[in-house]
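The following note sets out some points for a colleague who is examining this entry.

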Amino acid sequence: MCRAWAPSSVQPCATSLAHEQLIIVVSGPGGVGKGTIVDALVRRDPCLWLSRSWTTRERRAGERDDAYVFTTAEAFEELITAGGFLEWTEFLGNYYGTPRPDRLGTGADIVLEIELDGAQQVKRQYPDAVLIFVLPPSRHEQERRLRGRGDPDDKVHARLRKAENEEPVGREQADYVVVNDELERTVDEMMTIIERERGLRRSA
Ligand code: 5GP
């Protein structure tokens, strides 16, 4: 039941109990604002549970220390060998992965914020997962956001190049494509998608 992470911890989530559990995969190029969007989604809806990924990349200056489980390549590879990841990938020289969620089957709708290769892995395992691909309003704005995070020039360029290659594939494979031009509007649009998918699973 979806109750442990509700603020009062008392009432189960009526919405989540009434439909088949959703896996919502939020993907899209770096600098598009995925992290901010998913944080806003889980703040709005206590029946959404955000998975925390593992990564071997260094923590950025000013980045929250619970943004990821920051770990070593050795520890990451051990978990791969133990079959502990739902999906994992190597992205620009670092490992990123979603540990197998212990929330499957609990009633909470699970939100994953991951890049495209991982999103495809999840879709192969869970064809009913809902893939929402987020796009920046423009390449210029994406670059501005990437620079705002303090990434060095070479990393910004590598991420922009990767985005150019991945966008057409993401658009084609996504169940929904959302342009993140204004945060509140984007979050509204994503909540509408999630409610729609809940409704479809209720009536299925
Ligand atoms: P960043 O280094 O900017 O935090 O993340 C780089 C990319 O890795 C982003 O596109 C982010 O969505 C993605 N990412 C974060 N966690 C995971 C994960 O667990 N699995 C996969 N496949 N990608 C992830």
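How many bridges join β1 to strand β8?

1. Overall content. The model under discussion is predicted. Its protein chain comprises seven helices and nine strands. Of the 204 residues in the protein chain, 49% are buried. Among contacts in the protein chain with a separation of 6 or more, 67% are between residues 24 or more positions apart. The chain exposes about 10,200 Å², of which carbon and sulfur atoms supply 50%.

2. Five strands form an open sheet with parallel pairing, in the order β2-β7-β1-β8-β9. The edges are taken by β2 (48–50) and β9 (176–179); each has a single partner strand, so one side of each is left without a neighbour in the sheet. From one strand to the next, the twist averages 25°.

3. Pairing of β1. Four bridges join β1 to strand β8 (residues 130–135), and the two strands run parallel. Within this pairing, Leu131 in β8 is the bridge partner of Val25. β1 also pairs with strand β7 (residues 109–113), again in the parallel sense and over four bridges. Here the bridge partner of Val26 is Glu113 in β7.

4. Burial of β1. Strand β1 spans residues 23–27, and five of its five residues are buried, so the strand is largely enclosed by the rest of the structure. In a regular strand, side chains alternate between the two faces of the sheet. In β1, Ile23, Val25 and Ser27 point one way, while Ile24 and Val26 point the other way; all are buried.

5. β2 pairs with β7 in the parallel sense over three bridges. Trp49 stands opposite Ile110 in β7. Helix α2 (residues 34–44) packs on the sheet and touches β1, β2, β7 and β8. The direction of α2 makes about 140° with that of β2. Helix α7 (residues 183–203) also packs on the sheet, where it touches β1, β2, β7, β8 and β9. The direction of α7 makes about 165° with that of β9.

6. A residue for attention in the backbone. Leu92 is not a glycine, yet it has a positive phi of about 45°. This residue is found in the loop between β5 (85–91) and β6 (94–99). Is Leu92 buried or partly exposed? Its relative accessibility is 36%, and Leu92 therefore counts as partly exposed, the buried class being limited to values under 20%.

7. The ligand surroundings. There are 17 residues around the ligand, and Ser53, Arg57, Tyr68, Tyr96 and Glu113 come nearest. Glu113 is also the β7 residue named above as the bridge partner of Val26. For Arg60, a polar side-chain atom lies 2.9 Å from a ligand oxygen atom. For Gly97, a backbone N or O atom lies 3.1 Å from an oxygen atom of the ligand. The ligand taken alone exposes 510 Å², and the protein buries 96% of that.

Terms used:
Residues are numbered from 1 along each chain as its sequence is written. This is a predicted model: local features need pLDDT of at least 70, side-chain atom pairs count only at pLDDT 80 or more; totals for chains, interfaces and linings use all residues. Side-chain values use heavy atoms; hydrogens and water are left out. Buried means under 20% relative accessible area, exposed over 50%, partly exposed in between (1.4 Å probe, protein chains only). Two strands pair if DSSP finds at least two bridges between them. Contact means heavy atoms within 4.5 Å. Accessible areas come from the Shrake-Rupley method with a 1.4 Å probe; for residues, only the protein chains shown count as cover. Axes are lines fitted to C-alpha atoms, for helices over the stretch in contact, and angles run from 0 to 180 degrees between N-to-C directions. A residue is near a molecule or strand if one of its heavy atoms lies within 4 Å of it. A polar contact is a pair of N or O atoms within 3.5 Å; within protein, one must be able to donate a hydrogen and the other to accept it, and residues adjacent in sequence count only if both atoms are side-chain atoms.
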